[in-house]
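Visitor: I am new to this structure and would like to learn how to read it. Please show me the sequence and the model.

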Amino acid sequence: MTYGKSRVYKKVEVIGTSSQSVEAAVQGAVDRAKESLQKLSWFEVQEVRGHIDDDGKISEYQVVVKIAFELS
C-alpha cells in the first residue's frame, strides 16, 4: 500500500467469537473476513460482550468488528 495516493474503502461488520479471549475473537473475525475479501486494511471493535456459564465463569467472548478493505 502506498500512502499519499487516493484510496477508497468499504467497511463490513462481522461478529467474532472465542472461548479464549477478546483478542482471539477479533483475530477470528479478521481471519474469516480474509477468506472472502481482499486488501484488508484496518478494523474497529464496536462492541464486546460474552456469555457467562452457570458457574459464573466467562465461557465465550463475542466482538462486533467493522473491517475495512480497499476498493480496487
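Visitor: Which residues make up the largest nonpolar core?

Guide: In soluble globular proteins, nonpolar side chains tend to be buried together. A nonpolar core here is a set of buried Ala, Val, Leu, Ile, Met, Phe, Trp, Tyr and Cys residues joined through side-chain atoms within 4.5 Å, where buried means under 20% relative accessible area, exposed over 50% and partly exposed in between (1.4 Å probe, protein chains only). The largest such core has 8 residues: A25, V26, A29, V30, A33, V63, V65 and I67. Both α1 and β3 supply at least two residues each, and the largest share, 5 residues, comes from α1.

Visitor: What should I know about the model and its numbering?

Guide: The model is predicted: local features need pLDDT of at least 70 and side-chain atom pairs count only at pLDDT 80 or more, while totals for chains, interfaces and linings use all residues. Residues are numbered from 1 along each chain as its sequence is written, and side-chain values use heavy atoms, with hydrogens and water left out.

Visitor: What is the order of the strands in the sheet?

Guide: Helices (H or I, at least four residues) and strands (E, at least two) are DSSP runs, numbered from the N terminus. Two strands pair if DSSP finds at least two bridges between them. Here 3 strands form an open sheet in the order β1-β3-β2, with antiparallel pairing. Because β1 (9-18) and β2 stand at the edges with a single partner strand each, one side of each has no neighbour in the sheet. From one strand to the next, the twist averages 15 degrees; axes are lines fitted to C-alpha atoms, for helices over the stretch in contact, and angles run from 0 to 180 degrees between N-to-C directions.

Visitor: How many bridges join β2 to β3?

Guide: Strands β2 (residues 40-52) and β3 (residues 58-70) are joined by 11 bridges. L40 has F69 as its bridge partner in β3, and V48 has V63. The hairpin of β2 and β3 has 5 residues between the strands, and G56 takes a positive phi near 85 degrees there. On the β1 side, 10 bridges join β1 to β3, with G16 opposite V63 and T17 opposite Q62.

Visitor: Where does helix α1 lie?

Guide: Helix α1 (residues 22-36) lies across β1, β2 and β3, at about 40 degrees to β3. Contact means heavy atoms within 4.5 Å. Leaving aside neighbours within four places in sequence, V26 is in contact with F43, V45, V63 and V65.
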